[in-house]
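This report goes through one protein model, with attention to charged pairs, secondary structure and surface.

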Amino acid sequence: MNGDGRYGSVALPNGSFQRAAASSWPGIAILETVMVFAVALSIRIIDQAGLPPHPDDLLHLYAARSYLDHGTLSIFSGVYLRSADFTYLVAASLKVFGDTLLAARLPALVCGAGIVACAYAWLRSNVGRGPALIAASMLAIMAPALDVSVLIRFYTLQSLLFLSGAILIYGVVTAAKPSWRSLPAALLAILLLAEAARLQIVSAVGILGLLTWAALVTGWRLRERLSWRARLAALGLLLLSAALVGFVALETGILGRMWELYRAAVLWAEPERNNYKYYYHELTRSFGLLMDLLPFAAVVAFLFYPLPALFCATLLFVGIIVHSFAGMKLIRYMSYLLPLLACLWAMAAWPLLTFVGDRAAALVRRRAPRAARLARAGICCFAALLVFKAVPVFERPARALILPNADRVRDSRDQSWMLARDQLRPLVRRADVLVVDDDLLADYHVARPDIVLSKTRLLENTPPDEFTRDFRTGTPTISNDASVRTLLACFRNGVILTYEPFLEWLPPETLTFLAANARRLDPAPSLTGYAWDEPRGEPPASCDAVRQLVAPTATMRHAAP
């Protein structure tokens with residue numbers, strides 16, 4: 001950007017709104033960014049207090065403990081290699097701060113706070129302190145941002161890597177005069193984006209949005225430097241290259257495999273696979289009017305801050321559209337794009353707040369000149385309170401942080417196992433076989449199980465045969481009616497525990513058989529099960545092999561104090 005408010009040949013507003021804060025002493029910017037990071041980290045540490053582990057947390061937690069104890073990423077008799085770099089960070093945190101949930105969550109918490117600081121630093125440098133503070137405030141207390149920060153998972157690390165890489169690309173593309181000095185930043189950006197994609201493949205969607213934005217800006221920048229013939233030739237060459245790449249990908253089967261991967265969905269995600277409005281409904285439910293008015297916010301932001309607004313809007317809208325047609329859908333899968341939503345709204349809100357604040361200050365100044373500044377501050381505070389109260393994505397965290405007894409359970413399975421563990425421990429330790437839908441949750445709260453009853457887990461095995469061991473934990477896995485009947489015939493007594501909504505994935509004949517041959521257990525809300533005290537049916541020839549499968553874990557469970 002040039003000093004007269006122009007970027008290349010593109011005229012930009014050159015008013016107070018476009019003035020960046022980068023002209024101030026850099027030390028102030030660094031100090032402010034550190035303070036933003038500290039506040040965001042403090043909020044996340046408070047938010048995680050008292051929360052039981054999410055089921056997905058235990059994968060990295062158990063693998064990190066194994067790495068510290070044995071130097072391997074083992075979970076029981078399996079191996080968990082996904083996002084091993086993040087597991088090493090968790091292990092390092094456990095080694096330094098002790099084996100606690102807070103220590104295990106610390107890498108994700110730090111990365112989550114780093115996202116807030118990174119967004120603040122970028123907006124402060126390119127837009128101004130006011131919008132940067134608004135965006136940082138939104139990200140600091142935004143429910144989806146807090147939820148992924150509490151998870152002992154790689155989502156915040158992926159988001160931080162993606163945001164950092166995207167910001168570096170922004171600096172390279174918007175440089176007034178491209179030069180070789182931009183090469184290190186471009187290379188670092190590529191490395192960061194590649195690592196983000198390695199941690200979570202959905203980062204490729206964000207990279208697609210980034211390339212779209214870069215193409216738009218570069219094309220606009222070059223439009224007056226090239227003649228219409230040169231522009232037409234460049235467009236033709238671009239289309240021809242795209243067609244050639246598409247043809248090669250189609251002929252080699254790469255395009256087909258990419259489409260299958262894009263549209264694939266595991267069993268639990270199958271109901272939403274073709275729900276193309278999933279993210280719109282989820283974001284609208286969470287953000288309310290902020291989502292409904294997002295196009296309006298994008299237009300307002302573009303009028304005052306064209307380049308940063310186009311950057312955020314392109315990545316955000318391309319991301320929402322592409323994610324909506326993917327097979328796998330969860331709000332956390334696009335959590336890496338939420339900082340862009342906060343930045344976009346901040347760039348739209350600041351000019352509006354400034355305009356309203358100036359009008360209010362002018363009215364107040366006529367009667368009480370000294371209260372003019374208070375009028376501006378009052379307008380900002382009122383707007384913040386209104387948003388935090390009216391928008392669910394901010395109201396829930398604010399209530400949870402203020403009210404110590406607020407319900408802060410993220411997943412009902414956590415709460416169910418926690419409530420039932422004292423009741424279940426004596427029962428499961430006497431059982432000859434313990435069957436659960438989640439072996440890590442059961443082990444964390446009660447005791448190590450012998451069998452996993454889960455069609456989703458079984459379908460992830462290779463091959464997906466009954467009683468094959470889960471590749472992550474090594475626990476034998478079953479899903480069909482014959483396997484359940486085999487367990488009740490082969491063991492004198494046993495217990496089956498499952499999350500109640502998961503019962504719909506069991507065959508109807510299995511539920512009928514269990515209802516007739518075992519007593520129902522309801523140890524906690526949403527946690528149900530069955531127990532039997534004598535064999536049911538004629539033992540099949542496979543009983544000896546099944547008993548050998550469960551013998552090691554059953555022996556350990558019986559010996560537990």
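Which residue forms a salt bridge with R472? In this predicted model, the partner is E460, and the closest N and O atoms of the pair are 2.6 Å apart. The two residues come from distant parts of the chain, 12 residues apart: R472 sits in the loop between β7 and β8, and E460 in the loop between α21 and β7. R472 has a relative accessible area of 13%, under the 20% cut-off, and therefore counts as buried. E460 is partly exposed because its relative accessibility, 28%, falls between the 20% and 50% limits.

D470 has salt bridges to R457 and to R472. D470 and R457 are both buried.

| Pair | N to O distance |
|---|---|
| R472 and E460 | 2.6 Å |
| D470 and R457 | 2.9 Å |
| D470 and R472 | 3.0 Å |

Through shared partners, salt bridges join D439, R457, E460, D470 and R472 into one network. The structure as a whole holds 20 salt bridges.

The protein contains 24 helices and 11 strands. Of its 561 residues, 49% are buried. Among contacts between residues at least 6 apart in sequence, 73% join residues at least 24 apart.

Helix α9 (residues 203–222) has 20 residues and spans 28 Å from first to last C-alpha, close to the 28 Å expected at 1.5 Å a residue. Its buried residues are S203, V205, G206, G209, L210, W213, A214, V217 and R221. An α-helix has 3.6 residues a turn, so residues three or four places apart point the same way.

Strands β10 (residues 519–524) and β11 (residues 527–532) pair in the antiparallel sense over 4 bridges. L521 has G529 in β11 as its bridge partner. The hairpin has 2 residues between the strands, and S526 takes a positive phi near 75° there.

The protein exposes about 27100 Å², of which carbon and sulfur atoms supply 66%. W228, L232, L235, L238 and L239 make a nonpolar surface patch of about 570 Å². L238 is placed in helix α10 (residues 228–251). With a relative accessible area of 57%, over the 50% cut-off, L238 therefore counts as exposed.

Technical notes: Residues numbered from 1 in each chain as written. Predicted model: local features only at pLDDT ≥ 70, side-chain atom pairs only at ≥ 80, totals over all residues. Heavy atoms only, no water. Expected span 1.5 Å × (residues − 1). Buried < 20%, exposed > 50% of the residue type's maximum accessible area, 1.4 Å probe, protein only. Pairing = 2+ DSSP bridges. Contact = heavy atoms within 4.5 Å. Areas by Shrake-Rupley, 256 points an atom, 1.4 Å probe, with all protein chains shown as cover. Patch = residues over 30% accessible without salt bridge, like charges linked within 9 Å, V, L, I, M, F, W, Y side chains within 5 Å. Salt bridge = Lys/Arg side-chain N within 4 Å of Asp/Glu carboxyl O.
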